[in-house]
Amino acid sequence: MQKRQERRGPPPAGRAPDAARLREAALQHLARFAATELGLARVLARRVDRWARRAEAEGQDREQIAAAIIQARADIAEIARKLTEAGAVDDAAFAASRARRLNQAGRSQRAIRAHLAARGVTPDTAESVLEEAPLDELAAALGQLKRRRAGPFAAEPPDLAARMKAMGALARAGFSQDIASRALDMAREEAEDRLIAARRG
């Protein structure tokens, strides 16, 4: 039986990604993932960067590669803008959905704001979203404690050292001292009820 020949090396670079191919790539990405306008532009830019590296490795003309990159960047900005105008990309909807999911996963508002900023959500958009649908910071802190089996979820009543360790972990996760104290002081049954209510929205 003949052995299947293994593929060697990266695929050929081919021609530079034009506007039509970049738009198709954008639509394929949006079919699988939610994205912000900036996040989508970054995904497309990485695609162009990969092409440019392969093209250069193959010995394609550097000036032509540079010109193709400049054109692609202009195309990317236009594609992301048009898809946003068409409603295929919605920064506010992305922020609301991601903030809700992260809150239920036990992330603090501070951590959520940082996450949204890294994904290209402007501070104004994040602020507007969080004002319209305030997050349950206490439930998020309880979620952190449940994963760590600390506070109300500890197997044994926590001593002072365990409490201080849990307080430190919550502070590093972005929770205020007031929220951390309230979460740590809550009875287990009440804490479970708060988490169930938060998941139901």
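Mentor: Helices (H or I, at least four residues) and strands (E, at least two) are DSSP runs, numbered from the N terminus. The model is a predicted one, in which local features need pLDDT of at least 70 and side-chain atom pairs count only at pLDDT 80 or more, while totals for chains, interfaces and linings use all residues. Residues are numbered from 1 along each chain as its sequence is written, and side-chain values use heavy atoms, with hydrogens and water left out.

Trainee: In what order do the elements of the protein run from the N terminus on?

Mentor: The protein has 10 helices and zero strands, and the C-alpha atoms that carry these elements fill a box of roughly 70 × 55 × 30 Å, taken along the principal axes. Read from the N terminus on, the order of the elements is α-α-α-α-α-α-α-α-α-α.

Trainee: What percentage of the 201 residues in the protein do buried residues make up?

Mentor: Buried means under 20% relative accessible area, exposed means over 50%, and partly exposed is in between (1.4 Å probe, protein chains only). Of the 201 residues in the protein, the share that is buried comes to 38%.

Trainee: At what angle do helix α2 and helix α3 pack, and is α2 roughly parallel or roughly antiparallel to α3?

Mentor: Axes are lines fitted to C-alpha atoms, for helices over the stretch in contact, and angles run from 0 to 180 degrees between N-to-C directions. Helix α2 (residues 37-57) and helix α3 (residues 62-85) have axes 9 Å apart and pack at about 160°. Angles under 35 degrees count as roughly parallel, over 145 as roughly antiparallel, 65 to 115 as roughly perpendicular and the rest as oblique, so α2 stands to α3 as roughly antiparallel.

Trainee: Which residues of α2 and α3 make the contact?

Mentor: On the side of α2, the contact is made by E37, L40, A41, L44, A45, V48, W51, A52, A55 and E56. On the side of α3, the residues that make it are R62, I65, A68, I69, A72, I76, I79, A80, R81, L83 and T84.

Trainee: How are α7 and α8 placed relative to each other, and which residues of α8 share in the contact?

Mentor: The axes of helix α7 (residues 137-148) and α8 come within 11 Å and cross at roughly 125°, and therefore the two helices are oblique to each other. From α7, the contact takes in A141, Q144, L145 and R148, and from α8 it takes in A166, A169 and L170.

Trainee: Which residues of α9 make the contact with α8?

Mentor: Helix α8 (residues 160-172) and helix α9 (residues 177-185) have axes that come within 10 Å and cross at roughly 135°, which makes α8 oblique to α9. The contact is made by R163, A166, M167 and L170 of α8, together with these residues of α9: Q177, A180, S181, L184 and D185.

Trainee: Is R149 buried or exposed?

Mentor: R149 lies in the loop between α7 and α8. Its phi is near 55°, a positive value in a residue other than glycine. Most residues other than glycine have a negative phi. Because the relative accessible area of R149 is 67%, this residue counts as exposed.

Trainee: Which residues does L135 touch, not counting residues up to four places away in sequence?

Mentor: L135 is found in the loop between α6 (123-132) and α7, and L135 counts as buried because its relative accessibility is 15%. L135 and T125 are 10 residues apart in sequence and 15 Å apart in space, C-alpha to C-alpha. Leaving out residues up to four places away in sequence, L135 touches A99, R100, N103, Q109, I112 and L130.

Trainee: How far apart in space are E189 and R62, C-alpha to C-alpha?

Mentor: E189 lies in helix α10 (residues 188-200), where E189 is exposed because its relative accessible area is 62%. E189 and R62 are 127 residues apart in sequence, and in space, C-alpha to C-alpha, they are apart by 66 Å.

Trainee: By what distance are the C-alpha atoms of A117 and P11 separated?

Mentor: A117 has its place in helix α5 (residues 109-118), and A117 counts as partly exposed because its relative accessibility is 46%. A117 and P11 are 106 residues apart along the chain, and the separation of their C-alpha atoms is 34 Å.

Terms used
Contact = heavy atoms within 4.5 Å.
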